[in-house]
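Subject: A structure to look through

Dear colleague,

Please find below the structure I promised to pass on, followed by my notes on what was found in it.

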Amino acid sequence: MAATPQKPAAATPRRKVSRHRGEGQWAAGHFTPLNGNEQFKKDDDGLNVRTRIETIYSKHGFDSIDPNDLRGRMRWWGLYTQRKPGIDGGKTAILEPEELDDKYFMLRVRIDGGRLTTQQLRVIGEISQEFARGTADITDRQNVQYHWIRIEDVPEIWNRLEAVGLSTTEACGDTPRVVIGSPVAGIAEDEIIDGSSAIDEIHSRYIGSKEFSNLPRKFKTAISGSPLLDVAHEINDIAFVGVNHPEHGPGFDLWVGGGLSTNPKIGVRLGAWVPLDEVPDVWAGVIGIFRDYGYRRLRTRARLKFLVADWGPEKFRQILQDEYLKRELVDGPAPAQPLQRWRDHVGVHRQNDGRFYVGFAPRVGRVDGTTLTKIAELAEAHGSGRVRTTVEQKMIILDVEEAQVDSLVESLEALDLTARPSSFRRGTMACTGIEYCKLAIVETKARGSQLIDELERRIPDFDEPLTININGCPNACARIQVADIGLKGQLVVNDRGEQVEGYQVHLGGALGLEAGFGRKVRGLKVTSDELPDYVERVLKRFQEEREDGERFATWAARASEEALS
């Protein structure tokens, strides 16, 4: 009799085995380029593009530029293509880069520590008038940005900048960007320590050097010895914050891993005290970790903040000490709580030599070449020839004799550069926006200026410190998550069912030792046209409901969604 056929045993499901590709860390042996940016950096160092700009592109024009230079390596010298006029925000994420590109450039001038002489400022203004159609915006990283730059003019612009000690070297790209510093370093009466010499040493040793010209992404540095914590240290890749050590005296508290964009993180303290003369070496150690251990596989995870989040501060400090510094760091104290909310140095303040500095507020960082030239003239007439830019898109004239202060303030007012601004003028910041930026979805600069005017008219008695930060896209160049009122540009639907420019609202963000990210109310979006009404409504509710001395951010954290809508 034939055997009864047996039912086959059920096959055991095969588990899919995926080989971990790593994060593209050089220190783990992952040198193979894992995305297009890593490939073009491997093919040729970004610093090398300058020769091609000078010898080929400036002579043969925009159409001669290699695409990997155009949208990659030229950033190493401060150049980005700007947005072609007439392309609305709905097409930002749809069009190819070459469709968004205009045949003109944004050019960023790096101003380390925000320090300028009047001669330098005058040259910046003259370049603006001659080559940039008058444009010259002050950024929230103390730089100046031009627009409408032709590639044919770039070598001459470099010649003029470098003749007065300025440059665009590594102003953009996967590099150590401008080193921001206290704009009143060396002159403020209350300064803990002057970090200027460390900024100078970092610049002279490392900027333009191929040692750190190929990083996973950009690297942002802040150094300040001001008790006002005036450089937004919490959102930089590395920050040195002035503190007094009980045994060793003035030095710096070391922070790492801050950054915003679409995945914001507040920097963390390593608990280490660094003396002034060791700041450059410690800086080189931290950026060395980023170069060697930073994630290069995915651009979205290529900032230092992701490595710090994965490792934690203890492991990060240990690797810094063991592999890079070859010594232990000294434990140190945290910074003290700043005594005032405003950190922009606007107004009239006494210097440590008895003279005064005068900080003033342009509108959302927007100035022009003619105005900058006039500021240089005012500084020479009333001060010693030194000016500063700040991380709040403001400017400062130094070394003013007491008898000259009133005259200078009046002269600035005549240029619409007030040293006595309203809270709205003082606290409103805006990124470049759709006017020039290829990533933007909405207008920012003009919208911010209009909002200032409307709020000054509607709530003239409002005098609380308040920040209103306006960004044209999710990338947070204007620090929307850490503003009292942060406005992230996007397309929204109005009450007629039309898609129009508008903003997602973040409320109650802050920097300082109580740093935190703003609250998002579910579904809260406003159109550009509705913006003044919305902000007026929320601020009046704040005035009605606040407790004595309560900050807007504190109120926004506890307020009802109805009060914030």
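Two strands are said to pair if DSSP finds at least two bridges between them, where strands (E, at least two residues) and helices (H or I, at least four residues) are DSSP runs numbered from the N terminus. With that in mind, Arg115 has Arg388 in β15 as its bridge partner.

This is a predicted model, in which local features need pLDDT of at least 70, side-chain atom pairs count only at pLDDT 80 or more, and totals for chains, interfaces and linings use all residues. Residues are numbered from 1 along each chain as its sequence is written, and side-chain values use heavy atoms, with hydrogens and water left out.

The pLDDT, which is the predictor's confidence in each residue from 0 to 100, averages 94 over the chain, and 96% of the residues score at least 70. Residues 1–20 have a pLDDT below 50, and this stretch has zero contacts (heavy atoms within 4.5 Å) in the model beyond near neighbours in sequence. Where pLDDT is low, the predicted coordinates should not be read in detail.

The bridge mentioned above belongs to an open sheet of five strands, with antiparallel pairing and the order β3-β15-β16-β13-β12. Because β3 (115–117) and β12 (347–350) stand at the edges with a single partner strand each, one side of each is left without a neighbour in the sheet. From one strand to the next the twist averages 25°, and here, as below, angles run from 0 to 180 degrees between N-to-C directions, while axes are lines fitted to C-alpha atoms, for helices over the stretch in contact. Strands β3 and β15 (residues 386–389) run antiparallel and are joined by three bridges. Helix α11 (residues 369–382) packs on this sheet, where it touches β13 (356–360), β15 and β16 (395–400), and its direction makes about 20° with that of β16. Helix α12 (residues 405–414) also packs on the sheet, touching β12, β13 and β16, with its direction at about 15° to that of β13.

A further open sheet has six strands with mixed pairing, in the order β6-β7-β8-β9-β10-β11, and its edge strands, β6 (176–181) and β11 (330–331), each pair on one side only. Over four bridges, β6 pairs with β7 (residues 219–224) in the parallel sense, and Ile180 stands opposite Ala222 in β7. Helix α7 (residues 196–206) lies across β6 and β7 and runs at about 165° to β6.
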